[in-house]
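Reader: I have a model open and want to learn how to read its features. Where do we begin?

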Amino acid sequence: MREKAIVFEVNERQHCTTIPSHRTLLEVLRALGYVDVKCGCEKGDCGACAVLVDGEAIDSCLTLAWTVEGRAITTVAGLGNSNNPHPLQAAFARNGAIQCGFCTPGVIIASESLLRKTPNPSDDEIRFALSGNLCRCTGYTKIFEAVREMVLTRSGGVLR
Amino acid sequence: MFAEFDLEMPNSLDEAVLALARSDGIETLTLAGGSSLMVDIRARRVVPERLISLARINELRRIEILGPRITIGSRTTVSDILRSNQVAEHGAALAASAEVFAGQMVRNVATVAGNIACGSPAADLVPPLLSLDADVVLTNASGFRTVPLADYFTGFKQDVRRPDELITAISWDVPGAKCANRFYKLARRKGDAITVTGVAVTLGAANGVCTKARVALGAVAPIVMRARAAEAMLEGSTLTVELIEEASLKAAEECQPIDDIRASADYRRHAVHMLTRRLVAGAWADLHLATEVS
Amino acid sequence: MSTTVKIPATHLETGSRQVGRPLERIDAKGKAVGSTRYAGDYVMPDMLHAKVLRSTVASANLRRLDVTKARALPGVVCVLTGADVPKHMVSTDIPGQTGSWGQNTGQPILVHDRVRYFGEPLALIASESRDIAERAMTLIEPEYEPLPGVFDPIEALKPEAPLVQGVGNVVASQMVRKGDVKHGFETADVIVERVYRTQFIEHAFLEPEVGLSWIDENDVINIHVSTQVIEHFRVVADAVGLPYNRVRIRGALVGGGFGGKEDVTVEIYLALLALATRRPVRLEYTREDSFVGHGKRHPFVMTYRTGVKNDGTITALEAKFIADAGAYVFLSPSVMVYAATAAPGPYKIDNLIADAKAVATNNMYTSAFRGFGAAQACVAYEQQMDEVAKAIGMDPVKFRRKNYMRAGDRTATGVVVPSAIWTEQCVDQAWTALGEPVEVSGPIKIGRGVAACLQGYGRLTSLHDTSEGWVGVERDGTVTVRSGVTDIGAGQVSALAQIAAEVLGVTLQDVAVYNSDSAVTPLAGTTTATRALYMTGNAIRQAAEAVRRRLAQRAAKAFNVPPDDIDMAFSKVFVADDPAQSMAFRDLVRICAAEGIHCSELAMFCAPFTEKLNPETGQGQVHPDFSYGAHAIELTVDTETGEITVIKSVGAHDVGRAINPAAVEGQIEGGAVQGQGYALSEEMIYKEGRLMTPSLSEYLIPTAMDVPQVKCIILESGSGLGPFGAKGIGEAALTPVAAAIANAVADAIGVRIAELPITPEKVVNALREKE
């Protein structure tokens, strides 16, 4: 079979769309208008296309769209919006963790995925969780600061 | 992505092996996490006509200990390994290799079997598994067979798996307390990098004598290889600094590295020497410590 | 938990309300929540998808390019080859709005007959889908007649070398002559000569090149594109033979530039295909396309010969640079000017010879990259400073202190710098901030290094650079800024909002900036050369101040005080000494509007205009001004494996005035990590011209696991030529880092690896040779 209708959810919205077998999730999401998911390399090197699938961060460029049938996808725009940003998004903006912003959607998704599993990560755990997200502008310093601030807020001020 | 293939999404292992059996000469590949295969398809290094995705076969995603064996289902991801206390306890080198494996998103999808099946001599999980004497379980429609990982690879990107077979599990004997297992990956970058040289070492000891030695080397030969001559030098002896040095030099002699953009063959041999020395000495110290504690 | 230490000059004007505060940038939230639209996020109905077919050989005659099969493929709408665009050359020169001199790249838009580098564009395809375009690519089979190539600039200088470009393959050169070098060397006690080498470097911005073009109802070609330079509309117009006012470039927030989006990227291809098909066309590079599709940082071979007295006084310097220009000229001439004139670094060297040559080869062409030749020079001059210090047995920081150029001293080209020179403060601060060394044992060795730099900000003064900007106030008290400036991620736009807010006494949230449209926003010039804040910031400040003056005059009338007594802050207008006399800013605007008082202003800021450097001596003004800074590094080296771990990384820079300190830190931190990649892991490897590192898994920029928390020390001399005394930081942040790392490695292992990148393998080999 080379084409079929797939049902899946993106940012709490149901989609049913006909997709060829070779389409990646990245291609499908962007074609559906989720252009907050960025394409930086299409081979899993840069992490700009990261999305959450049932809460776990994956590179959408390495994922065939058919394989997410029936699953729930969250892109960075699904975490919050400018009127009501997700606390992590607010922390990134406030800490200057964003420069050109092209890596940001992926970095925030990877950070969120980390914090959902490890609410109080060490510095090394933060670095490890973000090692698949390349950033060429910030030098990562303020990204670490933003994630740490988030941890601090959530843990009521206790940092490991 | 420009490609054309049939994509099948079996719901169970039975469906998957039946689908594989129905290949009829059509170039068929199995797709697990996709972190390696999707890259190859996009680059048109492989042009499959048919893909069988394992995405829905959750029965293959498990880590369990049955008696003396620890078994990892083939679709277990690198992140699953990182979260597993059993692997941390019974496969320290494997856990260590997962800690230097790609980036988070890739770790969340890349599978143990995929890392073996991709056939890369730089595959990070393979040296640790080789050092643990792991077996590979291959399943087809008529049954399964078990192949020692040491016999699995036959050449660069070549293996004993038949077209109708699926890797379904990897298993090894739970190492005893008198066993130490270490791994180190040397790369050009600390995060998310292709291995320049990876070395995994398992040592067993009894009464101050090394009873078992495994030295597995990654990215220094067409396949991930065992440094068998070095192992033979270590087994049956009490390890001294001199002996470890000699065995490490032997391992460097045994490997067959090439020059590539990451490093020269010469440097890789040097790295094998240094890392083997360091890991064997470290593992030996682990054993010594374990002895003292017990 | 900022690690920044701010050291302001005592005389800085105080009381600013917006400038100098680490405000959240106005573009930050949209980027955080994914609502920012980049150039690649736009589509149009009936849009075609384009691809560029490139050569897979580096030096050949193109015998035949049969595109019949590709044209016949259903869904392919257009295939263009060199034969279809016969007269076209990439006429990019020195981009900008005035450019008093130019330099043709010499490159045809599509290959006509000769292929000079791997990846040179052969054909353009437009089709109904990306899949079809990719399939069409496989249906075109170029036939080549291989030609001998030359892949090393030193080889290319030999008389028997194949000719790639120019005369004897030299495509650009710059010399500087100052004082009496012969005499200088005669008076030296010690002469140190060393050769330093750097590599091809890729910008690796996260957003590959992308654009969308369409022809509108007025026959204007519109191109929505990711670029540092919207002024390329003229280059596009020249290339396709249209009047300048019929090409409109609409920029977007750019997903990283670093010089890699300074030359034309996809614009000309998009224009040609839109004209040929009369349909909208989208062209998005893959990462692989991007890696072969834009120029790299020049690799340099730098020979330094320094004469020094035993007391540490430098008596003479002879510096020779040979740079690989690759197959076409592009910005090599300007890069050579930067390099040669930066040859002595921030040191007073009265007897100087510097010669820089850019040599054509069949490698990828090289062009702009953050630091622009001055960064390569720093790799050499700062390693050389350590080597000379070692040769005379002097502490490297003390040796530097003895030789710093200070206020009133003349630069290599004989100019007195108009601003403060705080090199010493920067070096001392960075060096001290390293604190206590970490403890190491066994095969792990610790090393420390420091490097100082100078980096011009603002484009070459011979280019006669200008920037226009518009500021207007609205009747609800909000402020609108219009500027052509492109924002490549450093906060260029946000800084303009901050400046306008400061001058007009409103908050950052009250300012909206409309930017980067060559047809409707005033042309601000390029976002290159650390000029955006300096040039555009000054233009916006001028415009805002003009508006403020008119408003203040009217307010003065209302309050019956002289205009100078009027202050504006917190969206109020009041008498400075008597704040009770006040009115809302918006009420004042309404009054002015009702009375026909002009509430907006278009201003133009001009950099100093000079002639080109004296052709005999290289003397004359090069840059409007210089930034000075330093970087210090502590690292460990595993002497068994050669692995290097950077432990501490401290950048200290005099930025004149930090308009937004958080943004300044961002530049220093990002520069520190780019510099670390330059020093340790990054290298575009070409083998016989063919790229061996075609993706981000082979070309290794640092990851989150590779870097320390960077520490920033912001010094504020208040002496810069930018708005509120600002200097530039964009390029200077990177420039000294690689040399500091190289010096730290040499300190750790006692032997210098004079060729970047310093790989584990080179460390091991150097240690073996030492034994």
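Author: With a loop in chain B. B:Asn207 sits between strand 12 (195-206) and strand 13 (209-218) of chain B. Helices (H or I, at least four residues) and strands (E, at least two) are DSSP runs, numbered from the N terminus. This is a predicted model, where local features need pLDDT of at least 70, side-chain atom pairs count only at pLDDT 80 or more, and totals for chains, interfaces and linings use all residues. Residues are numbered from 1 along each chain as its sequence is written, chains are lettered from A and ligands numbered from 1 in the order in which they are written, and side-chain values use heavy atoms, with hydrogens and water left out.

Reader: What is the phi of B:Asn207?

Author: The general idea comes first. Most residues other than glycine have a negative phi, and most peptide bonds are trans. B:Asn207 is not a glycine, yet its phi is positive, about 55°.

Reader: Which peptide bond is cis?

Author: Look at the bond from C:Leu756 to C:Pro757, with omega near -10°. C:Pro757 lies in the loop between helix 17 and helix 18 (760-770) of chain C.

Reader: How do I read a helix pair? At what angle do helix 16 and helix 17 of chain C cross?

Author: Axes are lines fitted to C-alpha atoms, for helices over the stretch in contact, and angles run from 0 to 180 degrees between N-to-C directions. Helix 16 (residues 661-680) and helix 17 (residues 737-749) of chain C cross at roughly 55°, their axes coming within 7 Å. Angles under 35 degrees count as roughly parallel, over 145 as roughly antiparallel, 65 to 115 as roughly perpendicular and the rest as oblique. Helix 16 and helix 17 of chain C are therefore oblique to each other.

Reader: Which residues make that contact?

Author: Contact means heavy atoms within 4.5 Å. Helix 16 of chain C gives residues including C:Gly671, C:Ala672 and C:Gly675. From helix 17 of chain C come C:Val737, C:Ala738 and C:Ile741. The residues of this contact between helix 16 and helix 17 of chain C are seven nonpolar, three polar and no charged. Here Ala, Val, Leu, Ile, Met, Phe, Trp, Tyr, Cys and Pro count as nonpolar, Asp, Glu, Lys and Arg as charged, and the others, Gly among them, as polar.

Reader: And how are helix 10 and helix 11 of chain C oriented to each other?

Author: Helix 10 (residues 374-391) and helix 11 (residues 396-403) of chain C cross at roughly 110°, with axes that come within 9 Å. They are therefore roughly perpendicular to each other. Among the contact residues are C:Met385 of helix 10 and C:Phe399 of helix 11 of chain C. The contact of helix 10 with helix 11 of chain C has five nonpolar, no polar and three charged residues.

Reader: Now the interfaces. How much area do chain C and chain A bury?

Author: Buried area is the accessible area (1.4 Å probe) that two parts lose on being put together, summed over both. For chain C and chain A that is about 4,100 Å², with 55% from carbon and sulfur atoms. Chain C brings 60 residues to the contact and chain A brings 48. Chain C and chain B bury about 2,600 Å², 49% of it on carbon and sulfur atoms. There, 35 residues of chain C meet 23 residues of chain B.

Reader: How many salt bridges does the structure hold?

Author: The rule asks for a side-chain nitrogen of Lys or Arg within 4 Å of a carboxyl oxygen of Asp or Glu. Over all chains there are 90. Seven cross between chain C and chain A, and six between chain C and chain B. C:Glu682 pairs with A:Arg136 in a salt bridge, closest N and O atoms 2.6 Å apart.
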